[in-house]
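Hello,

Here is the structure I promised to pass on. Please open it first, then read the notes below.

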Amino acid sequence: KDYDNNITPNWCPGCGHFSIQRALQVVASRLEIPNEKMMVVSGIGCSGRISGYMNTYSFHGIHGRSLPIAQGIKASNKDLTVIAAGGDGDGFAIGLSHTLHAIRRNMNVTYIVLNNQIYGLTKGHTSPLSEVGFQTKSTPTGSLENPIRPGIVALSNGITFLGQGFSAYQEQLIDTIVKAVQHDGFSLVNVFSPCVTYNKINTYQWFREHLVKLDEDEGYNPQDYQMAMNKLIETDGLCTGIIYQNEGTPSLLEQLQPKDASALSKMDLQLSKDHFNSIINQYR
Ligand code: SF4
C-alpha cells in the first residue's frame, strides 16, 4: 500500500521532520495497516503539517490539542490505529496538561513528538525544551529557564511505553515506532528532529556526538523502571531506542471492555444518536 499522498512537504530542505514522515509511512507498511484504518492527528507548528502528508485519514487539529482529539477518535472507533503528532511546544508548553493526562489515561494512542527544541513556525523562538542560555529572538541574552526533560516527565508520571529517536537514525526510529504502535496502551516517542534553519546548536552533528543508542547496550533492560530512570538521568535524556515498556498495565479501553459477551449486551458504551439527543433534550 502507498502511504504517501504525493503532496510535497513544505519543510525546509534538511528539516528532521522529513525522516519522521517517512518513518511513519514505513511503519504503516510494515504493520500492514490498511490506509482507511489509520488516523494521524496533529497540532500546530511545522510538525503539524505531518498529518497532511499521509495517505491515511488525518486531522490537523489546534495548538496543543492533538491528544484529546486523538483519544476521542480512538474511543469512538477502536479499530483505528491512531497516531498523534506535534512539536515540543505543542506537547510540552500549551499541550503539557494533555500529555500528562494521556499518560495516566493509558489509551492505545501513539504520540510522536517532533522535538527540535525551538519554535520553527514562528521563526525561531525559545521552547520549553530549549537549554538554559539558548539565544533566540525571544531570548536574545539566552534562556533563563530550566528546560523540561520529556523522558523524565513521562516516566515519573507512569507512562507504559517510552521511546526516543533521532531523525538521522531512521532504522532505529522505525523499529521504535513499530513497537510503540504495537504497545497495548499509550506510547510516547520523543524524536530529536533538528530544525536546520533556526536551531544552530542542536544540529545533526551535535546529536551524533551526544546521543547514546540503547539497543547497542546489551545490558540495558527497558522493562526495568529504575534502570530507565537512571539512564535518562545519566545521559541527560540524550538516549535513543526503547527506554521503557511496561506491558503489565491494562490500557484504558481494555479496562472498559466487558469481560464476556453477556456483559457486552448490558454495557454498550456507544452513544447512539437517539441517546445523545435524549441527553441534550433534558437541558433544553
Ligand atoms: Fe523544519 Fe525548522 Fe524549517 Fe520548520 S523552520 S520546516 S522545523 S527546518
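The protein has 11 helices and 10 strands. Keep in mind that this is a predicted model.

Overall form first. The C-alpha atoms fill a box of roughly 60 × 45 × 40 Å along the principal axes. The radius of gyration is 19 Å. A compact globule of 284 residues would have a value near 19 Å, so the two agree.

Next, the packing. Of the 284 residues, 44% are buried.

Which residues have the most contacts inside the largest nonpolar core? They are Ala84, Ile112, Ile159, Ile177 and Val191, in a core of 54 residues. Take Ala84 as an example. Leaving out residues up to four places away in sequence, Ala84 touches Val41, Ser66, Leu67, Ala70, Val109 and Tyr111. There is also a second, separate core of 6 residues. Trp11, Cys15, Ile118 and Cys195 are among its members.

Now the ligand. Three members of that second core, Trp11, Cys15 and Cys195, also belong to the ligand's surroundings.

Best wishes

How values were computed. Residues are numbered from 1 along each chain as its sequence is written. This is a predicted model: local features need pLDDT of at least 70, side-chain atom pairs count only at pLDDT 80 or more; totals for chains, interfaces and linings use all residues. Helices (H or I, at least four residues) and strands (E, at least two) are DSSP runs, numbered from the N terminus. The radius of gyration is taken over C-alpha atoms; the globule rule is 2.2 Å times the number of residues to the power 0.38. A residue is buried if 20 or more other C-beta atoms lie within 10 Å of its own, exposed if 12 or fewer, and partly exposed in between; C-beta atoms are placed from the backbone. A nonpolar core is a set of buried Ala, Val, Leu, Ile, Met, Phe, Trp, Tyr and Cys residues joined through C-beta atoms within 7 Å. Two residues are in contact if their C-beta atoms, placed from the backbone, lie within 7 Å. A residue is near a molecule or strand if its C-beta atom, placed from the backbone, lies within 6 Å of it.
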